[in-house]
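Please read the following report alongside the sequence and the coordinates.

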Amino acid sequence: MSGLESVLVVGTGLIGTSIALALREQDVAVYLADRDAGAVRLARELGAGTEWADGMTADIAIIAVPPQLVAGQLAELQRAGAARFYTDVASVKVLPLRQAASLGCDMSTYVAGHPLAGRERSGPAAARADLFLGRPWALCPTEETSPDAVEALYGLIKLCGGEAVRVGADEHDRAVAIVSHAPHVTAAAVAARLAEAPATALGLAGQGVRDVTRIAASDPGLWTGILSGNALPVAEVLEAVAVDLAAVAALLRASADPAAMDDVMDGVTALLHRGVTGTSRIPGKHGGPARTYATVQVIIGDRPGELARLFQAADEVGVNIEDVRLEHAPGLPLGAADLYVQPEAVVVLSEALRSRGWHLP
């Protein structure tokens, strides 16, 4: 396929609207459709495109609806001749492919897809044109998929700034169960403990519990659909996690006997080491090997422009801030910014910040 000139986005939630915004920045004509007229109106006001009308035809139709609805929507669009090629963005792939085949959809023009990007917030108001920059975007063609359809999706992914990853549907679903779906359930289980936690415990909450539970704030209705669409692979991962947790719980109970303390804690330590090993295997920036960065902690005021001043100081001495994490001080108008930098840059950045009046603990 030569150039991508027009796209239909069906479903103007976070992902659909973000794709639309990314494509508009590349001067692609984008048409929007959604059963929720208000969502289409908001997406249009955000500059994501114009409303779709019957009889139009696009180069690609992007189906951004829950997994269980993808096949039905695909069949409807194909009957209407809405596009030359079709894809979806659902986070499971086996289910929509199986359902689409059973509905008699033209599988040669359909490429199942999944951009691995998102936010805790949902809806078009949370959409961002840069949501997919450098992020993996799975595409799962089958034996029936035409080369032209695959080429069209590669082109779409490139325009959105994503990194195309070709993978089988079954392998995809097992992979996302490990790296996305089961972690979400685990985070929700930890966060659920906070629902009835005493005020004292919540008052002591620090960055650790925020890191662990951050994704648990996502829309439960959306996640129920995702989990039901990938139930067995997710269940297998959760069962394995449950075995580890139950084993550690038993060991910790046994530690009440001082004579058994050393042996018991060896077992706990083994799991913690496995956790460190697993974390180290997560790819780093731009999909490369994970890097170990040093941290420079700076106290900042809760005022407009503070982060901009901080980044400006780093820029003036030629230090790249690889990542940043903020932690607010409860009840105080200040917080701490953890700046992640290359180890060799710690001294340069620390001296520069101190000389400019920043407080480093």
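The sections below describe a predicted model.

## The eight-stranded sheet

An open sheet is built from 8 strands in the order β3-β2-β1-β4-β5-β6-β7-β8, and its pairing is mixed. The edges are formed by β3 (50–51) and β8 (163–166), each of which pairs on one side only. Within this sheet β1 and β2 run parallel and are joined by 5 bridges, and Ser 6 has Ala 29 in β2 as its bridge partner.

Helix α5 lies across β4, β5, β6, β7 and β8, and its direction is at about 170° to that of β7.

## The three-stranded sheet

A further open sheet has 3 strands, ordered β9-β11-β10, with antiparallel pairing. Its edge strands, β9 (294–301) and β10 (323–328), each pair on one side only, and the twist from one strand to the next averages 20°. Between β9 and β11 (residues 334–341) the antiparallel pairing extends over 8 bridges, and Thr 295 stands opposite Tyr 340 in β11.

## Helix α3 and its surroundings

Does the length of helix α3 agree or disagree with what its residue count would give? The 14 residues of this helix (residues 67–80) should span 20 Å at 1.5 Å a residue, and the end C-alpha atoms are 21 Å apart, so the two values agree. After α3 comes Gly 81, which has a positive phi, near 65°.

The buried residues of α3 are Pro 67, Val 70, Ala 71, Gln 73, Leu 74, Ala 75, Leu 77 and Gln 78. An α-helix has 3.6 residues a turn, so residues three or four places apart point the same way. The buried residues of α3 pack against strands β1 (6–10), β4 (58–63), β5 (83–88) and β6 (110–115), and also against helices α4 (94–102) and α9 (220–229).

In soluble globular proteins, nonpolar side chains tend to be buried together. The largest nonpolar core here has 37 residues, of which Ile 19, Leu 23, Leu 32, Ile 62, Phe 132, Leu 156 and Cys 160 touch the most other members. Two or more residues of this core come from each of β1, α1 (14–24), β2 (29–33), α2 (37–45), β4, β7 (136–140) and α5 (147–160).

When residues up to four places away in sequence are not counted, Phe 132 touches Ile 15, Ser 18, Ile 19, Pro 115, Ala 117, Trp 137, Cys 160, Gly 161 and Gly 162.

## Cysteines

How many disulfides does a search of the whole structure find? The search returns 0. A disulfide is a covalent bond between the sulfur atoms of two cysteines. For Cys 105, the closest cysteine sulfur is that of Cys 140, and because the separation is 17 Å, it is too far for a bond; seen from Cys 140, the closest cysteine sulfur is in turn that of Cys 105.

Cys 105 counts as buried because its relative accessibility is 9%, and Cys 140 likewise counts as buried, at 2% relative accessibility.

Methods: Residues are numbered from 1 along each chain as its sequence is written. This is a predicted model: local features need pLDDT of at least 70, side-chain atom pairs count only at pLDDT 80 or more; totals for chains, interfaces and linings use all residues. Side-chain values use heavy atoms; hydrogens and water are left out. Two strands pair if DSSP finds at least two bridges between them. Helices (H or I, at least four residues) and strands (E, at least two) are DSSP runs, numbered from the N terminus. Axes are lines fitted to C-alpha atoms, for helices over the stretch in contact, and angles run from 0 to 180 degrees between N-to-C directions. The expected span of a helix is 1.5 Å times one less than its number of residues. Buried means under 20% relative accessible area, exposed over 50%, partly exposed in between (1.4 Å probe, protein chains only). Contact means heavy atoms within 4.5 Å. A disulfide is a pair of cysteine sulfur atoms within 2.5 Å. A nonpolar core is a set of buried Ala, Val, Leu, Ile, Met, Phe, Trp, Tyr and Cys residues joined through side-chain atoms within 4.5 Å.
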